[in-house]
Amino acid sequence: MTRHYLDHASTSPLRPEARRALVDALGAEGGDPGRLHAEGLEARVRLETAREQVAGLLGARPREVVLTSGATESITAACWGAAGRGDHQVLTAVEHSAVTAAAGRHGEVTVVGVDGLGRVDPDAVRAALRPDTSVVHVQWGNHEVGTTQPVAAVVEAVRDHPALVHVDAAQAVGHVPVAFRELGADLLSVSGHKWGAPAGTGVLLVRRGLRLDPLLVGGDQERARRAGLEPVAALAGVGAAAAALTGPALAAEEAEARRLTDRVLDGVVDLDGVRVHGDPVERLPHLVCLGVDDVEPQAVLLGLDRAGVACHSGSACSSESLEPSPTLAAMGVDALRSLRVSVGWSTTDADVDALLGALPEVLAGLRALRR
Ligand SMILES: Cc1ncc(COP(=O)(O)O)c(C=O)c1O
């Protein structure tokens with residue numbers, strides 16, 4: 001059966017450019033990039049090329065790029081590094097669990113609520129600041145509903161306060177333009193695998209001049225900001241993925257993702273008991289969230305999977321019960337029944353056709369069982 005993968009917001013297949021760079025680097029001698037021999041220098045060139053490519057995509061200086069294992073590590077490092085500045089952190093109610101869990105380890109946390117579309121008010125963020133606030137966390141775009149945050153306005157709202165601003169851009173990078181220097185944030189976290197770079201890669205951007213205590217210590221790698229031998233082949237892959245998206249390619253993919261997700265939204269508008277969550281305008285191009293009345297999301301996901309369509313739901317299934325989605329709960333909508341559809345660089349119209357063909361039947365079948 002042909003498969004139709006519509007779960008790029010979880011992880012996206014490797015881009016061909018990234019695969020080529022990865023395989024090429026895996027075939028090299030593999031020296032330590034911190035050594036002076038030829039093998040080390042070759043690895044160093046690959047690493048610094050990747051850094052420049054990533055900086056090019058993100059509108060950052062190469063020296064602002066710390067290469068990590070993924071957004072979770074970048075976020076944890078941001079929380080850890082900022083913690084020395086004060087005992088209080090501020091975050092929005094729709095942050096990813098990587099942010100809420102890491103921030104919660106460093107003293108008190110104030111959670112700023114969102115409106116029914118999932119947007120935070122920058123004035124409410126400003127009002128949450130205390131003299132001991134070390135960092136404000138705000139995501140660029142939400143992982144469940146796609147709503148984007150007014151990140152530039154949040155940076156502005158915190159400008160007169162010594163607190164740092166950390167932007168979790170794990171869902172945004174590779175899908176929308178991100179210009180770090182222009183944004184003026186202090187820290188920005190990136191995941192590689194969500195836009196076709198290898199899994200196990202990520203980036204923490206650290207604003208020039210900002211010194212942070214490193215999370216991983218014991219070596220001078222990454223200018224002493226992240227100890228441990230660099231996974232050069234995987235990082236060559238993230239560099240190549242970034243280079244492939246720099247320039248007009250990103251705008252083209254963004255437009256195509258929006259066209260495909262608009263097709264999903266148009267295609268469900270007449271379905272009974274299906275609603276759209278999140279901001280219809282201020283949204284990431286590649287993901288949409290549907291509320292599905294009366295049916296459990298697991299059953300919908302399994303029905304779609306049998307029809308060859310891979311999607312995801314924000315409501316996680318623990319051993320015995322359905323866990324409500326924190327994002328949907330913060331928005332004040334049904335947090336138990338949602339379906340997330342996300343597209344990426346390899347998605348075609350046939351994938352959307354398959355979803356729109358299968359969904360009405362899956363929902364009708366499940367609702368018939370309830371009667
Ligand atoms: C908004 C957001 N932040 C952070 C993460 C964690 O990313 P990674 O898998 O690269 O650690 C995710 C992954 O789902 C995410 O969606």
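What volume does the largest cavity have? The largest cavity has a volume of about 110 Å³, where a cavity is a set of points on a 1 Å grid over the protein atoms alone at which a 1.4 Å probe fits but cannot get out, and a volume is the space filled by probe spheres set on points joined across faces, edges and corners. This is a predicted model, in which local features need pLDDT of at least 70 and side-chain atom pairs count only at pLDDT 80 or more, while totals for chains, interfaces and linings use all residues. Residues are numbered from 1 along each chain as its sequence is written, and side-chain values use heavy atoms, with hydrogens and water left out.

The lining of the largest cavity comprises 13 residues, and Val 66, Ala 77, Leu 204, Pro 214 and Arg 225 are those nearest its centre; a lining residue has an atom within 4 Å of a point. At least two lining residues come from each of strand S2 (65–68), helix H3 (71–83) and strand S8 (202–206), these elements being DSSP runs numbered from the N terminus (helices H or I, at least four residues; strands E, at least two).

Helix H2 (residues 38–58) packs against helix H9 (residues 232–245) at an angle of about 35°, with the axes 8 Å apart; axes are lines fitted to C-alpha atoms over the stretch in contact, and angles run from 0 to 180 degrees between N-to-C directions. Contact, meaning heavy atoms within 4.5 Å, involves residues including Ala 43 and Leu 47 of H2 and Leu 235 and Gly 239 of H9.

Definitions and conventions:
1 Å grid on protein atoms, 1.4 Å probe; cavity = no way out; pocket = protein on both sides within 12 Å on 5 of 7 lines; lining within 4 Å.
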